[in-house]
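Thanks for coming. I'll walk through one model today, so please have it open as I talk.

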Amino acid sequence: MEPSKRSSDKAAQEIISRMAQLGQQNAWDRLEAQLPQCGFGKQGVCCRICSMGPCRISKKAAVGICGADADTIVARNFLRIVAGGVSAHSDHGRTVAEVFLAAAKGEAPDYRIKDIVKLNKLARELGVETAGRSPQDIAVDVGEIALAEYGKPHGTQSMARRAPKPRQDLWQKLGVTPRAIDREIAEALHRSAMGVDQDYRNVLRQASRLALADGWGGSMLATELQDILFGTPYPGRGEVNMGVLKADAVNIIVHGHEPILSEMIAVASQDKEMLAEAQKVGSNGINVAGTCCTANELLMRHGIPIAGNFLNQELVIATGAIELMAVDVQCVMQGLGEIARCYHTKLVTTADKARIAGVEHVSIEEKTALKTAKELVRMAIANYRNRGQVYIPAYKEKAVGGFSFETINYILGGRFRASFRPLNDNIINGRIRGVVGIVGCTNPKTPQDSTHTTLARELIKRDILVLTTGCATIACGKQGLANPKKALEWAGPGLREVCEAVGIAPILPCGSCVDNSRLLVSCSELVREGGLGEDLSDLPIAGACLESMHEKAIAIGQYFVASGALVVFAEDILPIAGSANVSEYLYHGIEKDLGGRWAVESDPVKAAEMILAHIEGKRDALGINKTKERKLYDMADRRALAVD
Ligand code: SF4
Ligand code: MSK
């Protein structure tokens, strides 16, 4: 297949061609080898949860050996996908909570609490006494409470109280308020085991409660604690795409998700001793760059460049310029081992729960994190001399990342009157029609980055403010859409006017996959600020991911739906087509229960139209689409203004 059909990223196209010439394989080649993919799997009608099976639903066999029908099998599979996604985000959150607590107790000397203001705010929210106490003492209590959220025997997720009250009441009424995160995951696996929950609507109800335990639980805790520990992101400049690699420097790629590792590598790479060692081997410094969500974490906190997103991970190694790639958890392809063996690149796994057979493992532990990070940097420096031929595509774009909730609040309102009011006002007056989150991955089934970037352009053209996370952020960054100046060229007149007036970009990079929780917090603030309804489902908002690949993306989609939003994915990605009832419920029926729903559309222009129609429908319902007649003040107005 032509490189341009595989990726819309010019740098990726060059490396894909080079790999083809060298006879090296990547994810697109492996996809071709897998075709045609299993139709039963795609439709969600393959069940292998007990050893009477596997069973496949077809015209010939309408039920499995136990009698389970397509509705049950599709719903159970969907629930298990959500469980996979929730477990990934939430385990990430738990690791952060453990390091946070160790740092607070002084047991992780290389980490320290950076954002005291946010710590105090979160502490008050969680009912922790702050008056007259040291940040460390407060942090210990916050860390203990955060850790307990994963396994507490009683009660529901504390962070779910951030949702507007009517939403909390609705969750309560429907019995989907999330309890302990681990409990929701365990119950999902139990309910979807052979012979347990066999009513598809009941199974899908658990999918909502489970997903909410992620969005308003595990992921939200991960974001909050990371901000306090590593610093709340504020807008900073950076660069995106493979052109950030340096031909004359030691290049280190950090890849994965948890900033526990990457933060330390960032520090170690600036160490004078390390820089001197790098000079000794004839290099011009140490260049750290990120891929996938780790890259987002590093860009938004340190301005460290991004080399690419999910589908770039193998390609960056094929530049021949990478001395070391350190990976931790999630979205790390096993294929990296193979491509690293074709070059001098040292691939190192660092999380004990995520090793790759045949790949060197260096365990990162909180007590000795910086020492281990330095070891990794030394390995990279020593490997510089082993470099062969290097080919770095000359593409890179400027980007501004780091739009946390706090930043957006600050930019809109200023330090002393931080507020979403200007955003609400401009949505109400129609200059901005609504807000959409474009999230998630890249998938070799779609030309890399193409739908994220087209959708982003099409939405801002229609005066819709776009927030991005995960690999969608990087896709936009590679095409200059995270550069406020360039993005403004695409923005519609209303959005552009507002962006220029308040100094905000039309496409706001908000962070990594766990940071989708920032979007939930921002949407709750839109409600709290007033004038846009009482609940999240009243808002003119939506979420989209047309290139999703991970279970996490479906978990994110489900928590947005259960929070009241429309969520648009590409066709073929949601494996539910095998059950008309499950499809009908997730695409329509669930809206009556929870106010949100799923939709599928693979064409980004049509998806933009679909989203706009949804947003306009919400605006109509809010009554903010009515053009108000201009009139001069009359006596009634004057009397209303009179002050005693
Ligand atoms: Fe087949 Fe039922 Fe076992 Fe699934 S649970 S594999 S449908 S027998
Ligand atoms: S890394 S989950 S490919 S966004 Fe978070 Fe990217 Fe999707 Fe992984």
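Start with the shell around ligand 2. Two helices, α13 (292–302) and α20 (470–478), each give at least two residues to that shell. Keep in mind that this is a predicted model.

Which residues come nearest to ligand 2? There are 13 residues around the ligand, and the nearest are His 257, Cys 293, Cys 331, Cys 471 and Cys 513. By class, the shell has eight nonpolar residues, four polar ones and one charged one. Domain 3 (242–386) and domain 4 (403–622) each provide at least three residues of the shell.

Stay with Cys 331 for a moment. Cys 331 sits in the loop between β7 and α15. Its phi is positive, about 65 degrees, although the residue is not a glycine. Is Cys 331 buried or exposed? Its relative accessibility is 13%, so Cys 331 counts as buried.

The neighbour in the chain is worth a look as well. Gln 330 is placed in the loop between β7 (324–327) and α15 (335–342). Gln 330 also has a positive phi, near 70 degrees, and is not a glycine. At 16% relative accessibility, Gln 330 counts as buried.

Now ligand 1. Its surroundings include Cys 47, Cys 50, Cys 55 and Cys 66. Also around ligand 1 are Ile 49, Met 52, Gly 53, Gly 64, Ile 65, Ile 73, Arg 76 and Met 194. That shell divides into nine nonpolar residues, two polar and one charged.

Gly 53 brings up the backbone again. The peptide bond from Gly 53 to Pro 54 is cis, with omega near 5 degrees. Pro 54 lies in the loop between β1 (46–47) and β2 (55–56). There is a cis bond between Leu 35 and Pro 36 too, with omega about -5 degrees. Pro 36 is in the loop between α3 (27–34) and α4 (39–43).

Next, the domain layout. The assignment gives domain 1 (3–47), domain 2 (65–230), domain 3 (242–386) and domain 4 (403–622). How far apart are the centres of domain 1 and domain 2? Over C-alpha atoms, the centres are 35 Å apart. Five residues of domain 1 contact five residues of domain 2.

On to the rings. How many aromatic pairs does the structure hold? The count is six. One of them is Tyr 111 with Phe 230, an edge-to-face pair: 6.1 Å centre to centre, with 65 degrees between the planes. Tyr 111 lies in the loop between α5 (70–104) and α6 (116–125), and Phe 230 lies in helix α10 (residues 200–230), so the pair ties together parts 119 residues apart in sequence. Both Tyr 111 and Phe 230 are buried.

Then there is Phe 405 with Phe 420. Their ring centres are 5.4 Å apart and the planes stand at 35 degrees, so this pair is tilted. Phe 405 is in helix α17 (residues 405–413), and Phe 420 is in the loop between α17 and α18 (421–428), so the parts tied together are 15 residues apart in sequence. Phe 405 counts as buried at 11% relative accessibility. Phe 420 is buried too, with a relative accessible area of 2%.

Phe 78, Phe 569 and Trp 598 form one aromatic cluster. And a charge meets a ring elsewhere: Arg 457 lies over the face of Trp 490, 4.8 Å from the ring centre.

Thr 451 is in helix α19 (residues 450–461). Its relative accessible area is 5%, so Thr 451 is buried. Leaving out residues up to four places away in sequence, Thr 451 touches Thr 446, Leu 546, Glu 547, Ser 602 and Pro 604.

The other is Pro 540, in the loop between α23 (516–529) and β14 (541–545). Pro 540 counts as buried at 2% relative accessibility. With residues up to four places away left out, the contacts of Pro 540 include Ile 427, Arg 433, Gly 434, Val 435 and Ile 615. Lys 618, Arg 619 and Leu 622 also touch Pro 540.

How far is Pro 540 from Cys 513, C-alpha to C-alpha? The two are 22 Å apart in space and 27 residues apart in sequence.

Methods: Residues numbered from 1 in each chain as written. Chains lettered and ligands numbered in written order. Predicted model: local features only at pLDDT ≥ 70, side-chain atom pairs only at ≥ 80, totals over all residues. Heavy atoms only, no water. Near = heavy atom within 4 Å. Helix = DSSP H or I, 4+ residues; strand = E, 2+ residues; numbered from the N terminus. Nonpolar A, V, L, I, M, F, W, Y, C, P; charged D, E, K, R; others polar. Domains from an automatic or database assignment. Phe/Tyr/Trp six-rings, centres within 6.5 Å; stacked < 30°, edge-to-face > 60°. Buried < 20%, exposed > 50% of the residue type's maximum accessible area, 1.4 Å probe, protein only. Lys NZ or Arg CZ within 6 Å of the ring centre and 35° of its normal. Contact = heavy atoms within 4.5 Å.
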